[in-house]
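The paragraphs below go through one protein model with its ligands. They begin with the ligand surroundings and move on to the fold.

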Amino acid sequence: MTYQVIIPAAGLGKRMQAGKNKLLLEINDIPVLVHTLRVFEEDEACSGIILAIHPQDEREISALLKKYLISKVLSLVPGGDERQHSIYNALKTVKTDGIILVHDAARPFIRKDHIHRLTQKAEETGAAIMGVPAKDTMKKVINGVVMETVERSSLWAVQTPQAFRVSLLKKAYKTAEKDKFLGTDDASLVEQLDHPVSIVEGDYDNIKLTTPEDLYFAEAIIKKREKEFY
Ligand SMILES: Nc1ccn([C@@H]2O[C@H](COP(=O)(O)OP(=O)(O)OP(=O)(O)O)[C@@H](O)[C@H]2O)c(=O)n1
Ligand SMILES: C[C@](O)(CO)[C@H](O)COP(=O)(O)O
């Protein structure tokens with residue numbers, strides 16, 4: 001079953017402290033954004049990519065799409081002040097129904113087989129997200145004081161892609177806009193509709209490149225993946 005994917009790539013990358021869009025940093029001499037785009041370009045089930053970008057990056061990103069033969073990008077839409085706004089700008093351009101994915105450009109290590117398991121689940125339930133069981137103990141802290149230790153057995157570290165029936169995601173975003181609700185992921189907007197969201201177990205390699213040390217992890221993941229193919 002085919003899907004389209006919204007890839008938000010319009011952030012400022014403040015926590016990466018790179019002085020430029022972290023998605024234009026290179027891993028193994030290839031920009032992070034290109035690593036991510038290639039997964040979907042090479043997935044026969046992906047029928048199109050809608051890329052939300054910062055207008056200042058348009059010339060450089062357009063040149064990268066040409067250089068790396070990324071042909072599935074249907075449109076470049078302007079990002080917004082928040083991740084949610086960038087995604088909504090992209091979602092408004094989606095005219096098809098069916099399944100839409102949202103995947104952070106900052107997560108270059110998503111695997112095709114995990115994407116397919118996710119889209120299958122979203123086809124069945126209307127909403128499904130990628131994640132892994134939490135490994136660390138999580139505590140609720142206020143003003144430096146531990147308030148509560150959260151029971152770990154039911155905790156998951158949520159990732160992207162997140163997959164939805166297009167009509168459901170559009171309803172969730174419209175409702176969030178009306179209610180002025182801002183979530184840190186797309187599923188939280190769907191949860192506001194009391195719609196169940198399923199989770200599909202991915203792997204711990206699917207990291208989001210957020211802070212400088214994530215670049216070291218990324219180099220290690222690439223080296224590991226190179227060995228997988230020999
Ligand atoms: N206004 C925004 C904010 C984020 N993103 C994208 O959403 C993904 C996840 O966001 P995050 O990792 O937090 O990126 P930044 O917001 O750039 O990071 P920071 O918070 O450190 O500035 C990234 O691919 C980022 O480019 C976006 O498209 N528009
Ligand atoms: C959507 C997400 O990647 C799920 O873990 C995460 O919430 C994005 O957070 P960010 O601060 O916008 O990177």
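For sorting residues by class, Ala, Val, Leu, Ile, Met, Phe, Trp, Tyr, Cys and Pro count as nonpolar, Asp, Glu, Lys and Arg as charged, and the others, Gly among them, as polar. A residue is near a molecule or strand if its C-beta atom, placed from the backbone, lies within 6 Å of it. The model is predicted: local features need pLDDT of at least 70, side-chain atom pairs count only at pLDDT 80 or more, and totals for chains, interfaces and linings use all residues. Residues are numbered from 1 along each chain as its sequence is written, while chains are lettered from A and ligands numbered from 1 in the order in which they are written.

Ligand 1 is surrounded by 22 residues, the closest being Pro8, Gly11, Lys14, Arg15 and Ser86. By class, this shell has 9 nonpolar, 6 polar and 7 charged residues. At least two residues of the shell come from strand E1 (3-9), and at least two from helix H3 (83-91). Helices (H or I, at least four residues) and strands (E, at least two) are DSSP runs, numbered from the N terminus.

Around ligand 2 stand Arg83, Asp104, Val158, Gln159, Thr160, Thr184, Asp185 and Lys208. The shell of ligand 2 divides into 1 nonpolar, 3 polar and 4 charged residues. Its largest share, 3 residues, belongs to strand E10 (residues 156-165).

The protein chain as a whole has 7 helices and 11 strands. Its C-alpha atoms fill a box of roughly 50 × 40 × 35 Å along the principal axes. The radius of gyration, taken over C-alpha atoms, is compared with a globule rule of 2.2 Å times the number of residues to the power 0.38. For 230 residues a compact globule would have a value near 17 Å, and the protein chain agrees, with 17 Å.

Burial is counted from C-beta atoms placed from the backbone: a residue is buried if 20 or more others lie within 10 Å of its own, exposed if 12 or fewer, and partly exposed in between. Of the 230 residues of the protein chain, 33% count as buried. Helix H3 is largely enclosed by the rest of the structure, because 7 of its 9 residues are buried. These are Arg83, Gln84, Ser86, Ile87, Tyr88, Ala90 and Leu91. They pack against elements including E1, strand E6 (99-102) and helix H5 (166-179), where contact means C-beta atoms, placed from the backbone, within 7 Å.

Helix H1 (residues 32-41) is mostly covered too, with 7 of its 10 residues buried. Its cover includes E1, E4 and helix H2 (58-67).

Val102, in strand E6, counts as buried because it has 25 C-beta neighbours inside 10 Å. Leaving out residues up to four places away in sequence, Val102 touches Ile6, Ile87, Thr160, Pro161, Gln162 and Asp186.

Strands pair if DSSP finds at least two bridges between them. E1 and E4 run parallel over 7 bridges, and Ile7 has Leu51 as its bridge partner in E4. E4 is also joined to E5, in parallel, by 5 bridges; there Leu51 stands opposite Leu76.

Leu51 is also one of the residues that touch the most other members of the largest nonpolar core, which has 51 residues. Such a core is a set of buried Ala, Val, Leu, Ile, Met, Phe, Trp, Tyr and Cys residues joined through C-beta atoms within 7 Å.

Notes. Contact = placed C-beta atoms within 7 Å.
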